[in-house]
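Thank you for making time this morning. I would like to walk you through one model, beginning with a single chain, moving on to where two chains meet, and ending with a few individual residues.

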Amino acid sequence: MNRRETEEKIFVFLMKVTTLMIVFIILLIIGTIIVKGYRAISFSMLFETPRGGYFLGKGGGILNAIAGSFYLAGGATAIAIIAGIPIVMLMNVFLKKTSKFSSFIRLCFDVLWGVPSIVYGAFGFILMVLLGLSASLLAGIIIISILILPIVVRSIDEISQTVPDGLIHASLSLGATKLETGMKVITRQILPGILTAILIAFGRAIGDAAAVLFTAGYSDSVPKSLFDTVATLPLAIFFQLSSPMPEVEDRAFAAALVLTFIVLCVSVCSRLLTNKYNKYKI
Amino acid sequence: MENIRIIKNNLTYYLFYGVGILGSSIVLIIGIGLLLKSYPVIMSHGFFQPIVSAEWFPLKGKFGILPFIVGSYYVSLIAIAITFPICLLTAIYLIEYAPKRTLNTFYPFIDILSGIPSVIYGVWGILIVVPFIRDYLAPLFGVHTTGYTILAGSIVLSVMLVPNVILIFIEILRTIPQELREAALSLGATKWETIKLVVLRKALPGVIAALVLGMSRAFGETLAVMMVVGNVIKIPKSVFDSGYPLPALIANNYGEMLSIPLYDSALMYSAFILFLIVLVFNILSKIFLTRLVKIMRY
C-alpha cells in the first residue's frame with residue numbers, strides 16, 4: 001500500500017516540476033529577447049530605413065523590414081481570407097457537413113497544414129519561374145497566402161461546424177437560398193471565428209521566413225510597388241545576426257524584440273476576442 | 001426576381017466548388033511540381049541512389065543527401081525524446097490533478113509559445129542554449145565544442161514542439177470517458193494507477209499520433225534549427241557533433257545553385273523527399289487518430 005502511494009507522490013511531484021519548467025522556459029525566452037532588444041532599440045531604429053554603410057554599423061533603422069513584413073502579411077492574409085471563406089461555405093452550407101467531398105477537402109488542408117514552410121519556399125520558386133515573376137512583394141504574398149490558407153480554412157471550418165443545423169434549416173425553410181443563408185446567417189454566427197482566424201493567420205504570416213527566403217528577395221527601402229523586392233523582419237534578424245559587427249548584431253536583437261512584440265499583441269488580441277465573443281454565442 | 005436569386009445561388013455554387021477543388025489540389029500540385037523539377041537528377045542518378053549515398057560534392061556531380069536525412073532524423077528524434085515525457089506529465093497534471101483555474105492560466109502561455117516565430121527561437125538558441133552547452137554541458141562530459149551541435153538544435157526544437165504536442169495530449173485525455181476512471185477508482189486503484197493502467201492505455205493510439213505529428217513538425221523546421229546546429233556536412237556520431245538537417249540544405253544553398261549543372265534539380269529533389277517524409281508522418285498520425293475515435297465509440 002505504501003509503495004503505491006509513494007509512486008503516486010513521486011509522479012505528481014514530477015508533473016508539477018515539468019509544468020513549472022514549461023512556464024519558466026517561456027518566461028526565459030521572452031525575458032532574453034526583451035533584455036537583449038531593449039538595449040539596442042531606439043527611435044531611429046524604428047522609423048528609419050538603412051543608410052549607406054548600414055551593414056558596417058553606421059546609421060539607419062529597420063523600417064524597411066517592419067513595413068515589408070506588414071505589407072507581406074497583410075496582403076497574404078487578405079488573399080487567404082478571400083480564397084478561404086468560399087471553401088468553408090462550400091463545406092458547411094452548400095454541401096452537407098459530413099459529405100465525402102467536405103471530408104476530402106478537410107483531409108487535404110490538414111495535410112497541407114503539415115507541409116514545412118521551406119517546401120513552400122521551394123515550390124514558390126518553381127511557381128515564380130513558371131509565372132515569369134522575379135523575387136518581389138507579389139511573389140512573396142502569393143506563396144505566404146498559400147502557406148496560411150490551411151490555417152484560415154481549418155480554423156473557420158471548426159467554428160462553422162458548431163453552428164446548429166436548426167439555424168440553417170430555419171433559414172432555408174423561410175425560402176432563403178443557400179447563398180443567402182451562408183452570407184447573411186452563417187457569417188454572422190462565425191464572425192468572431194473569422195476575426196480570430198485572421199489574427200492567427202497574420203501572426204503566422206509575419207513570423208515565417210523560410211517560405212519567403214527565395215521569393216521576396218531583400219531590400220534596403222520600403223517597397224513602392226508589388227514588383228519591388230521586400231525585406232521582412234525574420235530575414236532581417238537572420239541576416240544581421242550572422243554579421244561579425246556587434247552594432248549590427250544589436251540591431252538583430254532590436255528587430256527580434258519588435259517581431260516578438262507584434263506577435264504577442266496578435267496572440268493576446270485573438271485570445272481576448274475569443275473570450276469576449278464566446279459569451280454571446282448561441 | 002425569384003429567378004435571379006436562384007441563378008446567383010447556382011453560379012456561386014459552381015464558383016465555390018471550383019475554388020474547393022483548386023484548394024484541395026494544392027498538395028498534389030506542390031508534389032507534382034517538385035517531382036517534375038527533380039526529374040533531371042532522378043534521370044541521371046536514379047530515384048533511390050541519392051538517398052543512400054553520403055557523398056555531397058555538387059561540383060563533381062555527386063548529390064548524396066544521406067548525411068542531411070540522418071542529421072534531420074537525429075535532431076528530430078532527440079527533440080521528441082525531450083518533449084514527450086515533459087508534455088505528457090504536464091498534460092496529465094493539468095487535466096487530472098490541477099484545478100480548472102490552473103489549466104485556464106496555462107493556455108495563454110501555450111498561445112505565446114505557439115505564436116513565437118521560428119527565427120526568435122533561433123535567436124534564443126544562440127543566446128542561451130549554445131553557450132550553455134559550450135560552457136557547462138559539454139565540459140561535464142569532457143567534450144570540447146563550439147556549442148553549435150545536434151543537441152542545441154534538439155533542445156530548441158523540443159521547446160518549439162511543446163505547444164503542438166501538449167494541446168493534442170490535452171484533447172486526447174479529455175476524450176477518455178469519465179466512467180472508465182470511476183470504474184478503476186471504485187475497484188481500489190489509486191489515481192495514479194488509474195491514469196497509468198486505464199487512461200493512458202486507452203489513449204495509446206492518440207499518444208502515438210501526437211508523437212508522429214510532432215516528428216513531422218520537427219523534420220520540417222528550418223530556420224531555428226539551422227541557426228544553432230552548426231551546418232557541417234557529415235554523418236553525426238554523437239550529440240555534441242555538428243549536423244546539417246535537410247531543410248537547412250535547401251535554405252542555405254539557394255543563392256549559388258544556378259551555376260552548377262543539376263544542382264537546382266538536386267535541391268528540388270531534397271525538397272521533394274522532405275515533402276514525402278512529412279506527408280507519410282501526417283497520414284500515419286491521421287490513421288492513429290481515426291483509430292482512437294473508433295475505440296472511443298465502443
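Before I list any elements, let me say what counts as one: helices are DSSP runs of H or I with at least four residues, strands are DSSP runs of E with at least two, and they are numbered from the N terminus. Please also keep in mind throughout that this is a predicted model.

With that in hand, chain A has 10 helices and 0 strands, so that, in terms of the definition I just gave, its elements read α-α-α-α-α-α-α-α-α-α from the N terminus on. The C-alpha atoms of chain A fill a box of roughly 70 × 70 × 35 Å along the principal axes, and of its 282 residues, 48% are buried. If we take the contacts in chain A between residues at least 6 apart in sequence, 77% of them join residues at least 24 apart.

Let me turn to one pair of helices in this chain. Helix α3 of chain A, residues 63-94, packs with helix α8 of chain A, residues 178-207, at an angle of about 145°, and their axes are 9 Å apart. The crossing of α3(A) and α8(A) is right-handed. Among the residues that meet there are A:L72, A:A76 and A:F94 from α3(A), and A:G182, A:I198 and A:F202 from α8(A). By class, this contact of α3(A) with α8(A) has 14 nonpolar, 5 polar and 1 charged residues.

The contact of α5(B) with α8(B) divides into 22 nonpolar, 5 polar and 1 charged residues.

Staying with chain B, helix α2, residues 26-37, has 12 residues and reaches 16 Å from its first C-alpha to its last, which is close to the 16 Å expected at 1.5 Å a residue. Which residues of α2(B) are buried? They are B:V27, B:I30, B:G33, B:L34 and B:K37, and because they cover an arc of only 135° around the axis, they lie on the same side of α2(B). On the other side of α2(B), B:L28 and B:I32 are exposed.

Now to the place where the chains meet. The contact takes 62 residues from chain B and 65 residues from chain A. On the side of chain B that touches chain A, the largest share, 12 residues, comes from helix α1 of chain B, residues 2-24, and the residues of that side divide into 41 nonpolar, 14 polar and 7 charged.

A:A209 counts as buried because it has 25 C-beta neighbours inside 10 Å. The C-alpha atoms of A:A209 and A:G68 are separated by 12 Å, although these residues are 141 apart along the chain.

I will finish with B:N231, which sits in the loop between α12 and α13 of chain B and has a positive phi of about 55° although it is not a glycine. Because B:N231 has 18 C-beta neighbours inside 10 Å, it counts as partly exposed.

Methods. Residues are numbered from 1 along each chain as its sequence is written. Chains are lettered from A and ligands numbered from 1 in the order in which they are written. This is a predicted model: local features need pLDDT of at least 70, side-chain atom pairs count only at pLDDT 80 or more; totals for chains, interfaces and linings use all residues. The expected span of a helix is 1.5 Å times one less than its number of residues. A residue is buried if 20 or more other C-beta atoms lie within 10 Å of its own, exposed if 12 or fewer, and partly exposed in between; C-beta atoms are placed from the backbone. The arc is that of the directions from the helix axis to the C-beta atoms. Two residues are in contact if their C-beta atoms, placed from the backbone, lie within 7 Å. Ala, Val, Leu, Ile, Met, Phe, Trp, Tyr, Cys and Pro count as nonpolar, Asp, Glu, Lys and Arg as charged, and the others, Gly among them, as polar. Axes are lines fitted to C-alpha atoms, for helices over the stretch in contact, and angles run from 0 to 180 degrees between N-to-C directions. A crossing is left-handed if the near helix is turned anticlockwise from the far one by less than a right angle, and right-handed if clockwise.
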